[in-house]
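This briefing describes one protein model for a reader with a structural background. Please consult the sequence and the coordinates alongside the text.

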Amino acid sequence: MGSLPPYRRGSGGSLVPAVGGEESTRITNLANLQNELRGIDQKVQAYLVVVAGPGLGEMHRLEGQESVIGRSANVNVRLTDDGISRRHCRVVMAGDSVVLEDLGSANGTTVNGEPIQRRELKEGDKVRLGTTVLKFTYQDKLDESFQKQMYDAALRDGLTKAFNKKFFLDRLQIEFSFAKRHKTPLSLILFDVDHFKRVNDTYGHLAGDAVLVQLAALAQSMLRTEDIAARYGGEEFAVLCRGVPMQAGLMVAERIRSSVERAEFIHDGQRLPVTISAGVAGLPDVSADVPAGLVSAADEALYEAKRSGRNRVCVKR
């Protein structure tokens with residue numbers, strides 16, 4: 001007599017095949033778990049996170065077969081650090097490996113303190129380029145979201161989501177030094193809301209907050225990705241435009257001013273009258289040896305815009 005397949009007692013006491021019962025459930029659950037793990041694995045991405053130097057906290061996702069890192073506007077990962085070459089190094093995806101290669105940079109590339117020409121990166125490796133340190137890591141969407149929230153909380157204004165004053169001043173120092181060293185133009189725009197106290201007194205502070213939020217979003221929408229827009233004071237904002245001559249900076253400021261004048265600022269069903277005044281200063285037009293000198297020049301131009309009637313742009317020559 002041939003051997004019988006394994007059986008178990010059914011609910012009515014009869015013998016039924018074990019396969020399809022607990023065993024099949026276990027196999028099905030295992031298959032589901034494996035599929036779920038595969039899905040999670042597919043969502044994990046390789047990143048370089050700035051842990052020291054300009055751009056602290058920024059996350060750069062490594063996508064495609066090759067990512068070039070440097071100062072040039074045409075690289076995949078752009079870092080604003082004078083110690084970094086225009087095309088400093090590259091990251092190459094080779095199967096399951098991630099390889100870092102120096103591209104003949106002036107100051108070299110190190111991984112965990114050791115100079116390298118070519119090296120496979122491992123989770124947690126620290127890559128130094130100039131004064132910038134990047135951490136190589138794998139992260140999923142949840143990790144990325146958490147890191148971004150932490151980055152934004154440290155560098156952005158809580159109300160308007162524009163960059164905060166500290167971040168702006170740090171970047172101003174970097175951009176000012178870069179412009180001076182490489183003899184490239186740099187424009188600074190300072191603008192604030194005309195009669196903002198009147199808005200608060202007439203419509204309430206929530207209305208004033210709503211104006212600032214909308215104003216920040218409107219200004220940001222008119223700027224390039226590389227421009228820096230920050231909340232500089234209560235109702236005052238600053239815009240830093242790298243590589244932009246002062247005359248072009250004046251055009252940017254006028255475009256923001258006219259857009260604000262045409263925009264509808266609505267709060268609690270009421271239309272709020274909003275205009276701005278702006279002052280512009282730039283290198284090399286303004287003679288300034290330190291960043292504070294450029295800020296002072298833009299502030300003088302802003303004062304002149306207010307003194308001469310508001311809702312206008314003035315430039316410091």
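Which residues does F265 touch, not counting residues up to four places away in sequence? F265 touches V211, Q214, L215, V260, Q270, R271, L272 and V274, where contact means heavy atoms within 4.5 Å. The structure is a predicted model, in which local features need pLDDT of at least 70 and side-chain atom pairs count only at pLDDT 80 or more, while totals for chains, interfaces and linings use all residues. Residues are numbered from 1 along each chain as its sequence is written, and side-chain values use heavy atoms, with hydrogens and water left out.

**Confidence**

- The protein chain has a mean pLDDT of 86, and 83% of its residues reach 70 or more; pLDDT is the predictor's confidence in each residue, from 0 to 100.
- Residues 1-7 have pLDDT below 50, and this stretch has six contacts in the model beyond near neighbours in sequence.
- Residues 11-20 also have pLDDT below 50, with 15 contacts beyond near neighbours in sequence.
- Where pLDDT is low, the predicted coordinates should not be read in detail.

**Overall composition**

- The protein chain contains seven helices and 20 strands; helices (H or I, at least four residues) and strands (E, at least two) are DSSP runs, numbered from the N terminus.
- Of the 317 residues in the protein chain, 43% are buried, meaning under 20% relative accessible area, with exposed over 50% and partly exposed in between (1.4 Å probe, protein chains only).
- Among contacts with a separation of 6 or more, 56% join residues 24 or more positions apart.
- About 17200 Å² of the protein chain is accessible surface, and 51% of this belongs to carbon and sulfur atoms; the areas come from the Shrake-Rupley method with a 1.4 Å probe, and for residues only the protein chains shown count as cover.

**The five-stranded sheet**

- Five strands form an open sheet in the order β15-β16-β14-β19-β20, with mixed pairing; two strands pair if DSSP finds at least two bridges between them.
- β15 (228-231) and β20 (313-315) are at the edges with a single partner strand each, so one side of each has no neighbour in the sheet.
- From one strand to the next, the twist averages 20°.
- Four bridges join β15 to β16 (residues 236-242) in the antiparallel sense, and A229 stands opposite V239 in β16.
- Helix α3 (residues 165-182) lies across β14 (186-193), β15, β16 and β19 (276-283), at about 30° to β16; axes are lines fitted to C-alpha atoms, for helices over the stretch in contact, and angles run from 0 to 180 degrees between N-to-C directions.

**Nonpolar cores**

- The largest nonpolar core has 32 residues, and I189, F191, L215 and F265 have the most contacts inside it; such a core is a set of buried Ala, Val, Leu, Ile, Met, Phe, Trp, Tyr and Cys residues joined through side-chain atoms within 4.5 Å.
- At least two residues of this core come from each of β14, α4 (196-203), α5 (205-221), β16, α6 (246-262) and β19.
- A second, separate core has 24 residues, including L155, L186, V295 and A298.

**The loop residue N164**

- N164 lies in the loop between α2 (141-155) and α3, and is buried, with a relative accessible area of 18%.
- Leaving aside neighbours within four places in sequence, N164 is in contact with A154, L155, R156, D157, A230 and R231.

**Strand β5**

- In β5 (residues 66-70), four of the five residues are buried.
- β5 pairs with β7 (residues 89-94) in the antiparallel sense over four bridges, and with β6 (residues 77-78) in the parallel sense over two bridges.
- I69 stands opposite C89 in β7 and opposite V77 in β6.
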